[in-house]
Amino acid sequence: MKLNDNYDNLEQSYLFSTVNKKVKEYAEKNPDKKIIRLGIGDVTRPLCKTVIEAMHKAVDEMGAQETFRGYGPEQGYDFLRTAIQGYYKKHNVDLCLDEIFISDGAKSDLGNILDLFDKDNKVIVPDPVYPVYADTNIMAGREVHFMNANGENEFLPLPDKSFKADIIYLCSPNNPTGATYNRKQLKEWVDYANSINAVILFDSAYECFVEGVEIPHSIYEIEGAKNCAIEFCSLSKMAGFTGTRCGYTIVPIELGKLNKMWLRRQTTKFNGVPYIVQRGAEAVFTEEGQKEILENINYYKNNAQLISDTLKSCNIWHIGGKHSPYIWLKCPNNMKSWEFFDYLLENAQIVGTPGAGFGKNGEGYFRLTSFGSYENTLEAMDRIKKLFA
Ligand code: MLT
């Protein structure tokens with residue numbers, strides 16, 4: 001037996017596991033302190049009423065002989081794929097059902113998709129970004145090239161035409177910075193990818209936070225994108241499914257063999273998302289469901305505004321929070337990311353995510369999430385004001 005030595009090339013533990021470990025140690029030593037968690041982007045609002053009703057109904061169906069269901073289609077039930085098709089239509093994107101694959105979340109599929117690609121592909125990943133893109137490639141022994149995202153390009157790198165990539169990761173609205181590509185910038189990426197026969201793996205997990213018409217929700221709003229892009233989305237942040245698990249991946253027919261390969265991969269390695277969860281997900285896309293989830297999204301946006309206003313009053317540089325639930329700030333007093341993490345935990349019992357955990361360009365930055373409760377966010381901001389105002 002030989003181990004996959006590529007794992008030796010990874011950081012010792014996954015970013016959010018390291019954060020959790022540190023917080024657990026602190027909490028054990030300081031049981032009387034109230035810790036406020038604005039670290040991992042985990043939602044706190046409960047699932048909305050329409051979703052819960054749909055799930056209850058599905059539970060009852062599973063308990064009756066006539067309506068019980070066993071294995072479902074690996075790529076998802078048609079009722080949910082049709083609902084997602086309708087959702088894309090609102091953004092003027094036409095999809096056929098065979099292009100829509102239901103998943104248990106964007107994170108799994110972002111990793112699983114690599115099954116379709118040869119080891120020798122050249123991969124480009126923005127830095128800083130969600131660590132899963134680089135980590136899953138490193139696990140597969142693939143070399144990863146990083147594109148600098150920094151203040152100079154407003155954390156939105158554009159194609160370097162002198163470099164021929166095969167697999168391009170983009171995340172917009174971006175995790176962790178909240179920076180969001182506009183149509184013109186995305187068109188540059190699509191044209192670049194098409195000109196060199198590369199594939200864009202587009203993570204749109206935060207699209208529901210996009211406001212107005214200038215910023216696309218889906219890469220397929222850009223002409224030519226169906227010839228080069230696979231899109232990953234999730235109901236986690238959109239509808240509070242972080243614990244319930246449901247997402248979807250779009251593999252356009254125009255990508256030729258890739259669509260059939262993904263179907264083959266899923267039918268072999270995946271048994272689909274539970275029927276009850278898919279019925280809940282379907283309810284998200286109803287008129288009532290959309291109204292209810294918007295209330296939750298607006299609740300988080302209100303928190304984001306509160307965080308941004310507080311940082312402004314403390315003269316702390318930051319971006320994000322507009323088309324995104326994340327606020328990306330420069331650590332005060334030139335602290336390093338993990339130094340600031342410790343400082344905030346020790347002095348204000350606030351947990352955030354160190355920017356350095358998202359890549360080398362994240363050093364000196366820090367991420368706060370607006371997914372906490374309003375009351376906790378308010379209390380955290382009062383504590384920050386006491387330290388920095
Ligand atoms: C984050 O905090 O970056 C996300 O919650 C992680 C994830 O979605 O897996």
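**From a charged pair to the core**

Guide: Glu25 counts as partly exposed, at 39% relative accessibility. The model is predicted. Glu25 has a partner: Lys21 forms a salt bridge with Glu25, and their closest N and O atoms are 3.6 Å apart. Lys21 is exposed, with a relative accessible area of 55%. Both residues sit in helix α1 (residues 15–29), and because they are four residues apart there, about one helical turn separates them. Side chains of opposite charge can pair when their charged atoms come close.

Lys89 is partly exposed, with 46% relative accessibility. Lys164 and Asp166 also meet through their side chains, at 3.4 Å from N to O. Lys164 counts as partly exposed too, at 44%. Elsewhere, salt bridges link Lys34, Glu379 and Arg383 in a network.

Now go inward. In soluble globular proteins, nonpolar side chains tend to be buried together. The largest nonpolar core here has 102 residues. Ile168, Ile200, Met238, Phe241, Tyr248 and Phe285 touch the most other members. Helix α10 (residues 287–313) is the main contributor, giving eight residues. A second core stands separate, with 26 residues, including Leu114, Val144, Tyr169 and Leu201.

Stay with Phe241. Leaving aside residues up to four places away in sequence, Phe241 touches Leu47, Val51, Met55, Leu235, Ser236, Cys246, Val277, Gly280, Ala281 and Val284. Some of these names return in a helix pair: Val51 and Met55 on α2, with Val277, Gly280 and Val284 on α9.

Look at that pair directly. Two packed helices are described by the angle between their axes and the distance between the axes. The axes of α2 (residues 49–62) and α9 (residues 275–284) come within 8 Å and cross at roughly 150 degrees. Angles over 145 degrees count as roughly antiparallel. The two helices are therefore roughly antiparallel to each other. The crossing of α2 past α9 is right-handed.

The contact itself has two sides. From α2 come Thr50, Val51, Ala54, Met55, Ala58, Val59, Glu61 and Met62. From α9 come Tyr275, Ile276, Val277, Arg279, Gly280, Ala283 and Val284.

Definitions and conventions: Residues are numbered from 1 along each chain as its sequence is written. This is a predicted model: local features need pLDDT of at least 70, side-chain atom pairs count only at pLDDT 80 or more; totals for chains, interfaces and linings use all residues. Side-chain values use heavy atoms; hydrogens and water are left out. A nonpolar core is a set of buried Ala, Val, Leu, Ile, Met, Phe, Trp, Tyr and Cys residues joined through side-chain atoms within 4.5 Å. Buried means under 20% relative accessible area, exposed over 50%, partly exposed in between (1.4 Å probe, protein chains only). Contact means heavy atoms within 4.5 Å. A salt bridge is a side-chain nitrogen of Lys or Arg within 4 Å of a carboxyl oxygen of Asp or Glu. Axes are lines fitted to C-alpha atoms, for helices over the stretch in contact, and angles run from 0 to 180 degrees between N-to-C directions. Angles under 35 degrees count as roughly parallel, over 145 as roughly antiparallel, 65 to 115 as roughly perpendicular and the rest as oblique. A crossing is left-handed if the near helix is turned anticlockwise from the far one by less than a right angle, and right-handed if clockwise.
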